Structure formats: C-alpha cells, structure tokens
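Subject: Handing over a structure

Hello,

I am passing a structure on to you, with some notes on what turned up in it. Please open it first and keep it beside you while you read.

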Amino acid sequence: MTTAPASPDPTMEAIGHAVAESRAGNSASARQKLLGLWSAIGVTGDPLHRCSLAHCLADLHEDPAQALAWDIRALDAADAVTEQRVQEHHAGLHIAGFYPSLHLNLADNYRRLGSFEAATEHINAAKTHAPSLPQGPYGNLLRGAIQEVAGAIAEQDRSPRASAPGPDA
C-alpha cells in the first residue's frame, strides 16, 4: 500500500533529489548536497531528517570507517524519532521498519573493518528487527542482505559485498 506523504517536507524532498542524483551516477555532487543539508540541519535538528540524511550519506562512502560514522549518526537519530513524526511524514511508514537496515549497515561496516564481535551484535539486532520489514521487494532485499552479511561475518570475510549500496549504486 502506497500512501502519499502527510505534508510536504522540503528537507526530505532535497534528500530524495540527492539520492536520485547519486543513483544517476553523480555521487560526488550528491554527497556535497547532503553534507550541505547536514550543516543546515545540525546535530540537534529534526531526528527524521538526521536519520534519513545520515543513512543516505553512509551509502556514499566507500571507506567503511567513514560509512560507519554516518551509520552511527543515523541509528542515534532513529532512536530520537517518534512514531508520530514518521507518520507526519508518511502515513505508511513506521520507525520500527528503519532498524533492520540501520543495523545491517552497521554490521557490514564493522565486518569490513574486521570488528567481527561488533558486527555480530548488529547483525543479530538486524535479525531481531527483521519482522518489521514490509513484505515485497524492499523487505526481501534486506532479508537477503542480512543473511549475506551474517554469512560473511561467520567466515570473517572483510571484502566488500557486490550487492551493498554504495556511491555508484
């Protein structure tokens, strides 16, 4: 079920435009636009904006340490987002649905950095939150990625995943 946003949100629209620009192959420009938005929002800005923006910025960094820093910011911001705020943005969204992806990305970053204990903690958290994922292609993609990263952690494989989001995704 697709529901229109409850009210226009210029910041979320700007984030969406930057992500689209990245997907069109202009990751450097998208990263600069998102960093500009981050500066405007600030570390105490709207948690939904901070979560979304940091989550997107993490995907635009090939270096797992840089991606990790943004993914930590995204998780911290998610913890401050209320269900009411998410519903104001989009009636069909729930904050619980953010956590599988956030923990998956953290697990993958820690794995790539060789911190397998931390990676295991986050992949287990992703699995715990996975029932909050929607049915359909997006949920299936994340469920598959959770299994893929869990296997790589078990093998202590630090190589980048071909299916991981990234600057050229």
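One term before anything else: two residues are in contact when they have heavy atoms within 4.5 Å. Please bear in mind that this is a predicted model, in which local features need pLDDT of at least 70 and side-chain atom pairs count only at pLDDT 80 or more, while totals for chains, interfaces and linings use all residues. Residues are numbered from 1 along each chain as its sequence is written, and side-chain values use heavy atoms, with hydrogens and water left out.

**The overall picture**

The chain has eight helices and zero strands. Helices here are DSSP runs of H or I with at least four residues, strands are runs of E with at least two, and both are numbered from the N terminus. The radius of gyration, taken over C-alpha atoms, is 15 Å, close to the 15 Å that the globule rule (2.2 Å times the number of residues to the power 0.38) gives for 169 residues, so the chain is as compact as a globular protein of that length. Along the principal axes, the C-alpha atoms fill a box of roughly 45 × 35 × 30 Å.

Of the 169 residues, 46% are buried; that word means under 20% relative accessible area, exposed means over 50%, and partly exposed is in between (1.4 Å probe, protein chains only). Among contacts with a separation of 6 or more, 63% are between residues 24 or more positions apart.

**The nonpolar core**

A nonpolar core is a set of buried Ala, Val, Leu, Ile, Met, Phe, Trp, Tyr and Cys residues joined through side-chain atoms within 4.5 Å. The largest one has 47 residues, of which Ile15, Leu34, Leu53, Leu104 and Ile123 touch the most other members. The elements that contribute two or more residues to this core are α1 (10-23), α2, α3 (47-59), α4, α6 (99-112), α7 (116-129) and α8.

Leaving out residues up to four places away in sequence, leucine 34 touches Ile15, Ala18, Leu53, Cys56, Leu57 and Leu60. Leucine 53, with its neighbours within four places in sequence left aside, is in contact with Ile15, Leu34, Leu37, Trp38 and Ile41.

How many aromatic pairs does the structure hold? There is one. The ring centres of tryptophan 38 and tryptophan 70 are 5.0 Å apart and the planes stand at 90°, so the pair is edge-to-face. For the cut-offs, rings of Phe, Tyr and Trp (its six-membered ring) pair if their centres lie within 6.5 Å; planes under 30 degrees apart count as stacked, over 60 as edge-to-face and the rest as tilted. Tryptophan 38 is in helix α2 (residues 27-41) and tryptophan 70 in helix α4 (residues 64-78), so the pair ties together parts that are 32 residues apart in sequence. Both tryptophan 38 and tryptophan 70 are buried.

**Buried arginines and their partners**

Is arginine 161 buried or exposed? Arginine 161 counts as buried because its relative accessibility is 11%. This arginine is found in the segment after α8 (137-154), and its side chain makes polar contacts with the side chains of aspartate 108 (3.1 Å) and glutamate 148 (3.3 Å). A polar contact is a pair of N or O atoms within 3.5 Å; within protein, one must be able to donate a hydrogen and the other to accept it, and residues adjacent in sequence count only if both atoms are side-chain atoms. Beyond four places in sequence, arginine 161 is in contact with Asp108, Arg111, Ala145, Glu148 and Val149.

Arginine 85, in helix α5 (residues 83-89), is buried at 17% relative accessibility. The side chain of histidine 49 makes a polar contact with the side chain of arginine 85 (3.4 Å). Histidine 49 is in helix α3 and is buried at 11% relative accessibility.

**One last residue**

Glutamine 156 has a positive phi of about 50° although it is not a glycine. This glutamine is in the segment after α8 and counts as exposed, at 53% relative accessibility.

Enjoy looking around!
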